[in-house]
Amino acid sequence: MHPLPLMCLTLLALAAPPEAPSGLLVNLLSRPEKSVITDPQPDFGWIVPATAPGDIQTACQILVATSAELLAAGTGDMWDSGRLQSAQSVNVAYAGRPLEPGTSYWWAVRTWNRAGEASPYSAPQRFLTGEFARERGWPGESLWTQLEDEAGRPFWGFEDRHPIEYHEVAPAAIKRREDGSHFIDFGRASFSTLRLTLDWRPRAADAAGSATIELVLGEKRKGDAVDPEPGGGIIHRIVPLAIEPGLHTYTVQFPRFKPRYPHSQPLPAHMPEVIPFRYCEVNGGGLDLSLEDARQLALYYQFDDDAADFDCSSAELKQIYDLCRYSIKVNTFNGDYAASERERMLYEADSFIHQMGHYAVDREYAIARYSTRNMIYHATWPAEWISHAILMAWADYLHTGNRKLIAGHYEDLRAKTMLALANDDGLISTRTGLQTPEFLHSIHLAKGQLKDIVDWPTTEADEYEFSDFNTVVNAFHYHSLVLMSRIAAKLGKREDAAFYRERAERSGRAIHASMFDPERGIYVDGVGSRHASLHANLFPLVFGLVPEDCRAGVVEYVKSRGMACGVYPAHYLLEALYDAGEEQAALDLMLAEGDRGWLNMLRVGSTITTEAWDVKYKKNQGWTHAWSSSPAHIIPRKLMGIEPLEPGFGRIRIKPRPGNLTWAETRLPTIRGTVRARLEQQPGRSFTLEVEIPANMSARIELPAPGGADAPVRLNGETVKSILEGDRIVIERVGSGTHRLTVGEGEARH
């Protein structure tokens, strides 16, 4: 990445005419021509072109046509919205003639800026409709469907989400060994099949006809070979390949995945099977065999590698970010968040962390929405996982500004608060006989009953003492009630919003009264317990349960425990520390050198985030789990501090918390466009932030205050009015455009 271009306001005021809108979306799909839309009233969105600082859209015009030719002629025979006086550039509902199922349409949009100037029309975008009234196994179910491109060529796509596709990856290195075999390193692991081009020249002594050679594939190397005993669930596979004399190209056929879990998802028959591997040995068994070409055919969902990035003064943190971002990408091989070679099944907590990371590294929302709907109707057994369905639904709304998911699944989300398990004082329990068939049906748990989990594997739970009324489970219950109150308010359900707000307050009072130890100033693991785990304190802290006069003690206790948890709660631990103003402690945990951290994943040789910190903490752990990729979103959201202040990113906050980093920069994709930020600091002297904010967006910027309240604050070289809130200098309503903010004396230098 390079420093942001700096322009003075005078030059920006001499703006060029508006460019065309870009980044078109139909029902959150950036490539709707590769899918079919099953909503007869889809939503449209676009990125507003910026022409001057603080620019906003004041009007727009949408054309929808039955052919590209009509659209090019400026005719919207399905819908010509005319000039709509509106700043809305996301979630604009279709309002034309009824769309027909199984039909192609084209659309384009133009906008008017603050000065009243019209932009050109956007490039046209094609979208396809599917079956609107098909009966589905569950609301939101998305099936494979065979489609045709504009040239009439058939291809397979999904309903309402982008398809998964194979991507060629060339070897990073090939070594021919002394015995004539080859060792191939593709640089990184992915869920892939393998394509080889081999030239076999049989000698007279060779048997006539075909021969069978051996391929060895895996994720871990040992010298110039695939490690035959990698440990845990790390992949080592031996696959035979039948070859013919002469020069031929072969696509390796792996044995089909066999589902062994309730909701495991095998690939469809029309797609070659994949396994995760980085390395391959081609063992010809003494044949006169030449390796002419090798390609890893990596299978994953649509991904824009240029959508996001991060760099900083710590090379190690950059490596961790890149590891986590790549993990988000390649763990979409099923077209959803069903990661892991062993299970290929969605779990709510895994999916939520994957979802948050995906939002931070690509402008992609349909896969998250599909995974959320899938999780709502296919609940898994851990009690806290049920709450995560509400977290996923709220995150969908927060990042898209689109209400269709929270409105369409409102009743199911209400059940996911698990109020049916509450006693009179507001605490819930999975152990007091309240898990009736009616309750289990309401949360869509098809088999068995809920059990408290706290952490996974359970040996990572900091010796948690389980009881009937569990602090962690109740903290999640409290948080789900808070979110449900917000969801109800956004949908105009005032009575429901007040009800859930009151229940959240009741839950919070009960948790503090029965699970907080005032003598030690920390939370215990449950009612009747004396043991105080990291988990029992970090979850009340991250969910805002801790009263202000108790926060300091809880924060210090959480810090004192370090990374006494598995990879899943690490997401919440980092967030809790950043929100508590302990950014250096959070940064130190991300950069931890021991075996409980992301650097250890890199050190042992994985190129995808792992299921646990190390094999010694989970004996069957795999090397392909996105639930341990939380730095992918923690870094832009918390370290760089870019978060939405309102659903859909119309207003954002930028609150950088870099710890002892001297500089850092990021690109963060949002539904309204890319936010860019770069910071430099001389601790105690100066802090500089350069930001690029898309049109139709404004920011509240909160900066450290070196020198305290009297530190001078400059915006684009001019002293500006600011306010001091705590230890932060706040500048409100910074509009779109490129800005440079400096606090303190002197200039930071990279």
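Me: Two strands are taken as paired if DSSP finds at least two bridges between them. Over how many bridges do S1 and strand S2 pair in the antiparallel sense?

Reply: This is a predicted model, in which local features need pLDDT of at least 70, side-chain atom pairs count only at pLDDT 80 or more, and totals for chains, interfaces and linings use all residues. Residues are numbered from 1 along each chain as its sequence is written, and side-chain values use heavy atoms, with hydrogens and water left out. Strands (E, at least two residues) and helices (H or I, at least four) are DSSP runs numbered from the N terminus. Serine 22 has isoleucine 47 of S2 as its bridge partner, and the antiparallel pairing of S1 with S2 (residues 43–47) comprises three bridges.

Me: Which strands stand at the edges of the open sheet, each with a single partner strand?

Reply: The sheet is open and antiparallel, with its three strands in the order S1-S2-S5. Because each edge strand has a single partner, one side of each is left without a neighbour in the sheet, and these edge strands are S1 (22–26) and S5 (92–93).

Me: How many bridges join S23 to strand S24?

Reply: A further open, antiparallel sheet has seven strands in the order S18-S23-S24-S25-S31-S27-S28, and its edge strands, S18 (309–312) and S28 (718–719), each pair on one side only. Alanine 664 has leucine 679 in S24 as its bridge partner. S23 and S24 (residues 673–682) run antiparallel, and the number of bridges joining them is eight.

Me: How far away from cysteine 324 is the nearest cysteine sulfur?

Reply: A disulfide is a covalent bond between the sulfur atoms of two cysteines, and the criterion used here is a pair of cysteine sulfur atoms within 2.5 Å. A search of the whole structure finds zero disulfides. Cysteine 324 is in none, since the nearest cysteine sulfur, which belongs to cysteine 312, lies at a distance of 13 Å.

Me: What relative accessible area does cysteine 324 have?

Reply: Buried means under 20% relative accessible area, exposed over 50%, and partly exposed in between (1.4 Å probe, protein chains only). Cysteine 60 is buried, with a value of 2%. Cysteine 324 is also buried, and its relative accessible area is 0%.

Me: What separates the C-alpha atoms of glycine 74 and leucine 63?

Reply: Glycine 74 sits in the loop between helix H2 (68–72) and strand S4 (79–80), and with a relative accessibility of 39% glycine 74 counts as partly exposed. Leucine 63 is eleven residues from glycine 74 along the chain, and the separation of their C-alpha atoms is 7.6 Å.
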